[in-house]
Amino acid sequence: MTSQSEEQPFREGMRRLAGAVTIVTAGEGETAVGMTATAVCSLSMDPPRLLACINRFGAMFRKLSPNTRFCVNLLPAGARSVAERFAGSTAQSGAQRFDPAQWLCEPGFSPRLAKATSAIACTVHSLTVLETHAIVVGSVEGVWNAEEDTAPLVYHQQAFRTLCPLGEDQPQVA
């Protein structure tokens with residue numbers, strides 16, 4: 001167990017790590033669950049796999065087991081309200097969070113956001129519990145990419161942000 005004096009610098013350091021904002025979903029219909037996550041990344045291209053870190057005390061962890069389907073939805077910059085809804089910032093919970101006008105719910109698949117920059121459907125390949133979280137490795141079954149490449153929603157220093165291209169006149173670190 002880390003001491004309080006060791007924990008604060010780590011928290012501060014992690015706040016400085018910008019992360020793409022995603023909504024991870026699992027289940028179907030009234031049993032669907034979703035959560036906002038930034039701890040998601042590609043793992044391998046052959047075979048295509050990704051990983052997501054899930055709090056083991058949340059509804060998502062209880063929903064996942066080997067061979068369970070889930071979907072990682074990469075959010076565009078304009079989807080802050082969706083991210084907040086699935087982060088628990090609103091009174092909605094469970095399937096109430098899935099507005100039918102925003103989500104595509106196809107039989108056999110976890111919900112995917114219609115306006116996601118990309119939606120990646122997976123099956124749980126492995127699940128490793130480590131401390132307060134589980135590392136979920138997903139085998140990719142399908143990918144839907146938006147027709148337009150839009151700026152992503154990112155989370156940095158406890159705030160939602162977006163990216164902009166660096167100009168030639170911006171200062172560089174040597």
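Tutor: Two strands pair if DSSP finds at least two bridges between them, and strands (E, at least two residues) and helices (H or I, at least four) are DSSP runs numbered from the N terminus. Keep in mind that this is a predicted model, where local features need pLDDT of at least 70, side-chain atom pairs count only at pLDDT 80 or more, and totals for chains, interfaces and linings use all residues. Residues are numbered from 1 along each chain as its sequence is written, and side-chain values use heavy atoms, with hydrogens and water left out.

Student: Over how many bridges do β11 and β12 pair?

Tutor: These two belong to an open sheet of three strands, in the order β1-β11-β12, with antiparallel pairing. β1 (19–20) and β12 (159–162) are its edge strands, each pairing on one side only. In the antiparallel sense, β11 and β12 pair over a number of bridges that comes to four.

Student: Which residue in β12 is the bridge partner of leucine 153?

Tutor: Look along β12, which spans 159–162. The partner of leucine 153 there is threonine 162.

Student: On to the holes. Which helix or strand gives the largest share of the lining of the largest pocket?

Tutor: On a 1 Å grid over the protein atoms alone, a pocket is an open set of points with protein on both sides within 12 Å along at least five of seven lines, a cavity is a set where a 1.4 Å probe fits but cannot get out, and lining residues have an atom within 4 Å of a point. The largest pocket has 40 lining residues, and Met14, Thr38, Ala39, Cys53 and His133 lie nearest its centre. The largest share of that lining is six residues, from α1.

Student: What is the volume of the second largest pocket?

Tutor: Grid points are joined across faces, edges and corners, and a volume is the space filled by probe spheres set on the points. For the largest pocket that gives about 1500 Å³. For the second largest pocket the volume is about 230 Å³.

Student: Which strand gives the most to the lining of the second largest pocket?

Tutor: β4 (40–45), β5, β6 (69–74) and β10 each supply at least two residues there. The top contribution is five residues, and it comes from β4.

Student: How many cavities of 30 Å³ or more are there, and what is the volume of the largest cavity?

Tutor: The count of cavities of 30 Å³ or more is one. Residues lining the largest cavity include Cys71, Phe109 and Trp144. The volume of the largest cavity is about 40 Å³.
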